[in-house]
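Welcome! Please take a look at the structure below, and then work through the exercises one step at a time.

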Amino acid sequence: MNCVEIRRAADALIDGELSGAGKLRVEEHLKYCAQCRQWVDSARRTRDTVRSRVVKPEPPGRLETRIRRALDAGRPPAQGPRG
Ligand SMILES: [Zn+2]
């Protein structure tokens, strides 16, 4: 496996989609290839940043309030003139 292949596999490794022989091969490569180690390190940090933003964009309570307000704003009066 060359560095390009390792980085492709490492991408899956970071996502937790790699196991067994593939994972071992990447880890073996990282032991002697400092460049790939750095690459994996920064890729992992980027992934973590993205993930933490996706997982907790906002406290749930506040989000619910905002959704309710948005719904109320767009809702016509409950008892409007009819007929
Ligand atoms: Zn490498």
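The model is predicted: local features need pLDDT of at least 70, side-chain atom pairs count only at pLDDT 80 or more, and totals for chains, interfaces and linings use all residues. Residues are numbered from 1 along each chain as its sequence is written.

**Exercise 1.** Find how many helices and strands the protein chain has, and their order.

Solution. Start with the rule: helices (H or I, at least four residues) and strands (E, at least two) are DSSP runs, numbered from the N terminus. Counting them gives 4 helices and 0 strands. Reading from the N terminus, the order is α-α-α-α.

**Exercise 2.** Work out how α1 and α2 lie relative to each other.

Solution. First, locate them: α1 covers residues 3-14 and α2 covers residues 20-32. Next, take their axes, which are lines fitted to C-alpha atoms over the stretch in contact, with angles from 0 to 180 degrees between N-to-C directions. These axes come within 10 Å and cross at roughly 120°. Then apply the classes: under 35 degrees is roughly parallel, over 145 roughly antiparallel, 65 to 115 roughly perpendicular, and the rest oblique. The two helices, α1 and α2, are therefore oblique to each other.

Now look at the residues in contact (C-beta atoms, placed from the backbone, within 7 Å). Ile6, Ala9, Ala10 and Leu13 from α1 meet Gly22, Lys23, Val26 and His29 from α2.

**Exercise 3.** Find the residues of the largest nonpolar core, and the element that gives the largest share.

Solution. A residue is buried if 20 or more other C-beta atoms lie within 10 Å of its own, exposed if 12 or fewer, and partly exposed in between. A nonpolar core joins buried Ala, Val, Leu, Ile, Met, Phe, Trp, Tyr and Cys residues through C-beta atoms within 7 Å. The largest one has 6 residues: Ile6, Ala10, Leu13, Val26, Cys36 and Val40. Two or more of these residues come from each of α1 and α3 (34-55), and the largest share, 3 residues, is from α1. As for Val40, leaving out residues up to four places away in sequence, Val40 touches Ala10, Ile14 and Leu30.

**Exercise 4.** Is Met1 buried, exposed or partly exposed?

Solution. Begin with its place: Met1 sits in the segment before α1. Then count: 13 other C-beta atoms lie within 10 Å, so Met1 is partly exposed. Finally, check its partners: beyond neighbours within four places in sequence, Met1 contacts Ile6, Arg25 and His29.

Note on methods:
Contact = placed C-beta atoms within 7 Å.
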